[in-house]
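Please look over the sequence and the model before reading on.

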Amino acid sequence: MYLKKNNGPAYVTLPNGRKFTRSDLPPVSTKRWVASRKATVVLGVETNLISMAEACDMYALSEDEFNEWYTAIKAHGFAALKATKLKSYRQP
């Protein structure tokens, strides 16, 4: 059996005590990005489980798109990632 060696840690411990692993990340084949999947990828990068470059490569994201997700979460929280709420959080 062959196991792929990952560059980052096997898991990170979140402030609430839960272990966050690479298996908690969305599948690489993800096409439909709901808010929870976006937030999970941002959490993975934020906790140094994966790098931003690795996340962009894995999920075919541009750095700008990832930065928009990150900025939305930091400025307005999880709700800002929902497609139905985009107008509420955009700058005029």
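Contact means heavy atoms within 4.5 Å.

**The model**

This is a predicted model, where local features need pLDDT of at least 70 and side-chain atom pairs count only at pLDDT 80 or more, while totals for chains, interfaces and linings use all residues. Residues are numbered from 1 along each chain as its sequence is written, and side-chain values use heavy atoms, with hydrogens and water left out.

pLDDT is the predictor's confidence in each residue, from 0 to 100. Its mean over the chain is 86. A value of 70 or more is reached by 85% of the residues. Helices (H or I, at least four residues) and strands (E, at least two) are DSSP runs, numbered from the N terminus. Among the elements, helix 1 has the highest mean pLDDT, at 95. Helix 4 (residues 86–89) has the lowest, at 58. Where pLDDT is low, the predicted coordinates should not be read in detail.

Where does Arg-22 lie? Its place is the loop between strand 2 and helix 1. Arg-22 has 18% relative accessibility, so it counts as buried.

Leaving aside residues up to four places away in sequence, Arg-22 touches Asn-6, Asn-7, Gly-8, Pro-9, Ala-10, Leu-49, Ile-50 and Glu-54. With the side chain of Glu-54, the side chain of Arg-22 makes a polar contact at 3.0 Å. A polar contact is a pair of N or O atoms within 3.5 Å; within protein, one must be able to donate a hydrogen and the other to accept it, and residues adjacent in sequence count only if both atoms are side-chain atoms.

**Salt bridges**

How many salt bridges does a search of the whole structure find? The search finds two. A salt bridge is a side-chain nitrogen of Lys or Arg within 4 Å of a carboxyl oxygen of Asp or Glu.

One joins the side chains of Arg-22 and Glu-54, at 3.0 Å from N to O. Arg-22 is in the loop between strand 2 (19–21) and helix 1 (35–46), and Glu-54 is in helix 2 (residues 52–59), so the pair ties together parts that are 32 residues apart in sequence. Glu-54 is partly exposed, at 23% relative accessibility.

Glu-46 and Lys-74 also form a salt bridge, with their closest N and O atoms 2.4 Å apart. Glu-46 belongs to helix 1 and Lys-74 to helix 3 (residues 63–76), so this pair ties together parts that are 28 residues apart in sequence. Glu-46 is partly exposed, with a relative accessible area of 35%. Lys-74 is partly exposed as well, at 48%.

**Aromatic rings**

Rings of Phe, Tyr and Trp (its six-membered ring) pair if their centres lie within 6.5 Å; planes under 30 degrees apart count as stacked, over 60 as edge-to-face and the rest as tilted. The whole structure holds two aromatic pairs.

| Pair | Centre to centre | Angle of planes | Type |
|---|---|---|---|
| Trp-33 and Tyr-59 | 5.3 Å | 90° | edge-to-face |
| Trp-33 and Trp-69 | 5.2 Å | 50° | tilted |

Ring pairs link Trp-33, Tyr-59 and Trp-69 into a cluster. Trp-33 lies in the loop between strand 2 and helix 1, and Tyr-59 in helix 2, so their pair ties together parts 26 residues apart in sequence. Trp-69 sits in helix 3, 36 residues from Trp-33. Trp-33 is buried at 18% relative accessible area. Tyr-59 is buried at 4%. Trp-69 is buried too.

Another ring meets a charge. The charged end of Lys-19 sits over the ring of Tyr-11, 4.5 Å from its centre. Here NZ of Lys or CZ of Arg must be within 6 Å of the ring centre and within 35 degrees of the ring normal.

**Loop residues**

Most residues other than glycine have a negative phi. Asn-48 has a positive phi, near 65°. Asn-48 lies in the loop between helix 1 and helix 2 and is exposed, at 58% relative accessibility. Ala-60 also has a positive phi, of about 55°. Ala-60 is in the loop between helix 2 and helix 3 and is exposed, at 70%.

Conventions. Buried means under 20% relative accessible area, exposed over 50%, partly exposed in between (1.4 Å probe, protein chains only).
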